[in-house]
Amino acid sequence: MEYLFDNFSRIQKNDPEFHEIFKNFAFNEVFEYSSLTEKESILVILASLIACQSPKAFKKILLSALDGDITPDQVKELLYQSVPYVGFGRAHNFFGVVIKVFDKKGIELPLANRSNTNTQNRHQKGHEVQERYFGSEMIRMMNENTPEDQKHFNRFLEGFCFGDFYTRDGLNDNERELITFVFIATLGGCENQLRAHTQANVDLGNGKEKLISALTVIMPYIGFPRMLNALSIVNEICD
């Protein structure tokens, strides 16, 4: 995975000492303790950089990643998936970065539509995804226990988050839920949501080993405190 660091030439030139330290750790050592595929590794790194608000590092890694095991459609879906979790305020700059990188790589835009919902069925389809991920009983209890003046937030989750985004082609359920775990872990301060999505990952087949591998790979970008907070939740849910 060392090739992902190829475009950080400015750091290499002006601070070769740090370049060598970080490259050896983030692109060599951490992968000795990860069972993620190359594609999964790229997805979680890029997801973490979006939530970290690091467009320059995102751009440099994306430039290398598109020469590896990731496609423009997968990058597009990663970006779309980030919006309900980090918010468009954080995601906005990355749309521009992706456009510039695609242009540099000669990738013609716009890419093909990947949506599988419309304004009539987005809530129904989103509800189906929620039940598949979290179970019908949990979704029923959530809706029943929500005060009347707050039920619109549940509708937003159902239609926007799960209906508009989770139903799309380009990434499968396991990939979407893995990068969602990474978005939330990187943000920090979202422990209740991280618990829910840790359980959803496990239920979908992204077991403890995969979640620990994801935290291992993104640790250089999010730092030890947030990694340890997320790790404690993984241990809590999975043990």
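This is a predicted model: local features need pLDDT of at least 70, side-chain atom pairs count only at pLDDT 80 or more; totals for chains, interfaces and linings use all residues.
## Contacts around Phe162

Two residues are in contact here when they have heavy atoms within 4.5 Å of each other. Leaving out residues up to four places away in sequence, Phe162 touches Tyr85, Gly126, Val129, Gln130, Tyr133, Phe134, Leu157 and Thr167. Phe162 is found in helix 9, and its relative accessible area is 3%, so Phe162 is buried, the cut-off for that class being under 20%. Another residue to look for is Lys125: its C-alpha lies 7.7 Å from that of Phe162, although 37 residues separate the two in sequence.

One of the partners of Phe162 is Gln130, which lies in helix 7. Gln130 has a relative accessibility of 4% and also counts as buried. Setting aside neighbours within four places in sequence, the contacts of Gln130 are Gly135, Ile139, Met142, Leu157, Glu158 and Phe162.

## The chain as a whole

Stepping back, the chain has 13 helices and zero strands. Read from the N terminus, its elements run α-α-α-α-α-α-α-α-α-α-α-α-α. The radius of gyration of the chain is 18 Å, close to the 18 Å that the globule rule gives for 239 residues, so the chain is as compact as a globular protein of that length.

Along the principal axes, the C-alpha atoms fill a box of roughly 60 × 45 × 30 Å. Of the 239 residues in the chain, 45% are buried. The chain exposes about 11,900 Å², and 50% of that area is supplied by carbon and sulfur atoms. Contacts also reach along the sequence: among those between residues at least 6 apart, 76% join residues at least 24 apart.

## The largest pocket

Now for the open spaces. The largest pocket holds about 470 Å³ of space. It is lined by 17 residues, and the closest to its centre are Leu157, Phe162, Gln193, Ala196 and His197. Two or more lining residues come from each of helix 5 (72–86), helix 7 (122–134), helix 8 (136–145), helix 9 (151–166), helix 10 and helix 11.

Helix 11 gives the most to this lining, with four residues. Sorted by class, the lining of the largest pocket has 13 nonpolar, four polar and no charged residues.

## The second largest pocket

The second largest pocket contains about 160 Å³ of space. Its lining is made up of Lys76, Leu79, Tyr80, Phe95, Val98, Ile99, Phe102, Leu109 and Leu111. The elements that give two or more residues to this lining are helix 5 and helix 6 (88–105), and the largest share, four residues, comes from helix 6. By class, the lining has eight nonpolar, no polar and one charged residues.

## A closed cavity

The structure also holds one cavity of 30 Å³ or more, and the volume of this largest cavity is about 70 Å³. Around it are Ile184, Ala185, Gly188, Gly189, Cys190, Glu191, Leu194, Arg226, Asn229, Ala230 and Ile233. Helix 10 (173–187), helix 11 (191–204) and helix 13 (224–238) each give two or more residues to the lining.

The largest share of the cavity lining, four residues, comes from helix 13. By class, the lining residues divide into six nonpolar, three polar and two charged.

## Two backbone details

Most residues other than glycine have a negative phi, and most peptide bonds are trans. Which peptide bond is cis, with omega near 0°? The bond in question runs from Leu109 to Pro110. Pro110 is found in the loop between helix 6 and helix 7, while Leu109 is one of the residues lining the second largest pocket.

Where does Gln53 lie? Gln53 is in the loop between helix 3 (38–52) and helix 4 (55–65). Its phi is near 60°, a positive value in a residue other than glycine. Gln53 counts as partly exposed, with a relative accessibility of 33%.

Technical notes: Residues are numbered from 1 along each chain as its sequence is written. Side-chain values use heavy atoms; hydrogens and water are left out. On a 1 Å grid over the protein atoms alone, a cavity is a set of points where a 1.4 Å probe fits but cannot get out, and a pocket is an open set with protein on both sides within 12 Å along at least five of seven lines; lining residues have an atom within 4 Å of a point. Grid points are joined across faces, edges and corners, and a volume is the space filled by probe spheres set on the points. Ala, Val, Leu, Ile, Met, Phe, Trp, Tyr, Cys and Pro count as nonpolar, Asp, Glu, Lys and Arg as charged, and the others, Gly among them, as polar. The radius of gyration is taken over C-alpha atoms; the globule rule is 2.2 Å times the number of residues to the power 0.38. Buried means under 20% relative accessible area, exposed over 50%, partly exposed in between (1.4 Å probe, protein chains only). Accessible areas come from the Shrake-Rupley method with a 1.4 Å probe; for residues, only the protein chains shown count as cover.
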